[in-house]
Amino acid sequence: MSGNRQFVDTNILVYAHDVTVGDKHSRARSLVEELWETREGCLSVQVLQEFFVTMTRKIPKPLDAPAAARIVGDLAHWHLHAPVASDVLAAIVIHQRIGASFWDAMILRSATELGCGTVHSEDVNPGQAYDGVQVLNPFLA
């Protein structure tokens, strides 16, 4: 495993592709491009699913399904965690231990399983470390 793998939460990927979000778009896009070039980017199947639904239904200018599917296909080349039942159980433990939402606990579990030192997210508590995974919000100065 790489010592510099970095997990990207759904919201960061959405901002990287949603041109209507102003400065967040350029910051997120720069981060995603950097992680693509360095091959340090990590995702989970959960993130890919959430990304597809958000990009086709929940943003001001949604993509059509084929366009969103092409992006998902590209992102599937990143380091990818496909959770199984034991990951769900581990996420429940994380959820109960730290009080994060279950979905955020799944993100933390996937990041840990991929050997990530960092999770980029706007949702999970920035600055916190969970089991050795540091959460960073790329939009905070």
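Guide: Helix H2 (23-38) and helix H4 (65-75) each supply at least two residues of the lining of the largest pocket, where helices are DSSP runs of H or I with at least four residues, numbered from the N terminus. This is a predicted model, in which local features need pLDDT of at least 70, side-chain atom pairs count only at pLDDT 80 or more, and totals for chains, interfaces and linings use all residues. Residues are numbered from 1 along each chain as its sequence is written, and side-chain values use heavy atoms, with hydrogens and water left out.

Visitor: Which helix gives the most to that lining?

Guide: H2 does, with four residues.

Visitor: Why is the contact between Asp 87 and Arg 109 called a salt bridge?

Guide: A salt bridge requires a side-chain nitrogen of Lys or Arg within 4 Å of a carboxyl oxygen of Asp or Glu. The closest N and O atoms of Asp 87 and Arg 109 are 2.9 Å apart, so the pair qualifies. Asp 87 lies in helix H5 (residues 85-98) and Arg 109 in helix H6, so the bridge ties together parts 22 residues apart in sequence. Both residues are buried, a word that means under 20% relative accessible area, whereas exposed means over 50% and partly exposed in between (1.4 Å probe, protein chains only).

Visitor: What makes Lys 24 count as buried, partly exposed or exposed?

Guide: Lys 24 has a relative accessible area of 27%, and therefore counts as partly exposed. Lys 24 also forms a salt bridge with Glu 122, the closest N and O atoms being 2.5 Å apart.
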